[in-house]
Amino acid sequence: LGGWARRSLSRLNGHGPGADRSTEERRLSRVPQFPVDPVSAEIYASLRQLLKQKAFQQRDVDERLHHQQRLASLGQLAAGLAHEIKNPLSGIHGVLELLRDDTSDREQRELYERMLSELDRVNGTIHSLLSFSRPTSLTKVPTDVGALIESSVQLHRTALLSKGISIKVITAPHLPELPVDQNQLRQVLVNLIPNAADAVDHDGTNTVTAVPLPEYNGVAISVADDGPGIALAHRNHVTEPFFTTKFTGTGLGLAIVRNVVAAHGGTLEIDSVVGRGTTVYIILPADHGALGAAAEA
């Protein structure tokens with residue numbers, strides 16, 4: 001039995017990270033079955049299955065690591081391009097403002113306004129690229145999360161009402177103060193609220209909720225819409241950088257949100273039902289390591 005097991009281990013350990021599942025299964029199938037008593041045979045079969053799962057898990061880890069390395073390289077490239085583009089665009093923006101202010105022709109002024117509007121959109125994309133690529137540094141201060149949510153919603157309420165979209169804010173009483181970076185957390189909400197609004201049609205509803213999490217001395221925030229939901233094929237990709245289904249989207253909003261939440265020691269979860277809507281959950285513990293310790297327990 002020891003000899004058969006050693007040969008099986010040798011074959012399993014010889015698998016390279018690039019080996020595909022079918023190749024591994026063929027190699028495993030060539031390991032002879034040793035005719036032993038039922039108890040030994042069950043142990044041996046369990047060992048084979050355990051080692052096979054280990055080989056597959058290692059392959060998945062290698063693939064994810066390679067994917068993260070490619071994303072890191074892409075982020076560095078995007079950051080370099082953003083820096084190179086930002087300064088020339090600022091000069092063009094300034095010249096267009098001068099031309100707009102110097103002309104008395106109404107049609108030309110409208111043309112300049114449209115050009116400036118498009119430049120502002122490009123600048124917004126560049127700002128998103130820089131926010132995604134630079135390391136997330138936090139300046140944490142004790143914060144009333146409910147008040148921060150209300151002020152963030154107010155930034156969008158008028159624009160949403162003009163589109164016929166209503167937005168509700170529901171915050172539980174006595175929310176604990178959390179040590180968070182107020183600007184970064186506000187950026188999270190400023191990204192999520194327009195996303196929820198884009199998902200609904202006229203007369204749609206967005207709901208922002210905050211409730212306490214006593215077990216972590218933290219807060220759970222959710223941003224929900226009653227739109228069409230996220231297609232099953234897209235759910236595993238929505239937080240990846242540059243993935244978007246919108247014509248004018250950059251695909252960086254949820255990626256930035258994920259990075260900021262992770263920097264706070266929190267977690268980001270997305271629940272979506274096709275035809276019923278999508279809810280994004282943010283769990284922020286007061287203690288940076290609370291969620292990790294709970295997961296290990």
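My entries on confidence and salt bridges follow.

**Ground rules.** I am working from a predicted model, where local features need pLDDT of at least 70 and side-chain atom pairs count only at pLDDT 80 or more, while totals for chains, interfaces and linings use all residues. Residues are numbered from 1 along each chain as its sequence is written, and side-chain values use heavy atoms, with hydrogens and water left out.

**Confidence.** I started with pLDDT, the predictor's confidence in each residue, from 0 to 100. The chain average is 76, and 68% of the residues reach at least 70. Strand β5 (residues 218-225) comes out highest at 91, and helix α8 (residues 290-296) lowest at a mean of 48. Residues 293-297 have pLDDT below 50, and the model gives this stretch one contact beyond near neighbours in sequence; a contact means heavy atoms within 4.5 Å. Residues 15-19 also stay under 50, with seven contacts beyond four places in sequence.

**Salt bridges.** How many salt bridges does the rule give? I counted a side-chain nitrogen of Lys or Arg within 4 Å of a carboxyl oxygen of Asp or Glu, and the count is four. The background is simple: side chains of opposite charge can pair when their charged atoms come close. For accessibility I used relative accessible area: buried is under 20%, exposed over 50%, partly exposed in between (1.4 Å probe, protein chains only).

**Arg100 and Asp101.** I found these two side chains joined at 3.2 Å, N to O. Is Arg100 buried or exposed? Arg100 is buried, at 17% relative accessibility, and Asp101 is partly exposed at 48%. I also noted that Arg100, Asp101 and Glu113 are linked in a network of salt bridges.

**Arg106 and Glu110.** This salt bridge has its N and O at 3.5 Å. Both residues sit in helix α4 (residues 106-133), and because they are four residues apart, about one helical turn separates them. I logged Arg106 as exposed at 66% and Glu110 as partly exposed at 38%.

**Arg157 and Glu150.** Here I read 3.5 Å between the closest N and O atoms. Arg157 is partly exposed at 22%, and Glu150 is partly exposed at 30%.

How values were computed. Helices (H or I, at least four residues) and strands (E, at least two) are DSSP runs, numbered from the N terminus.
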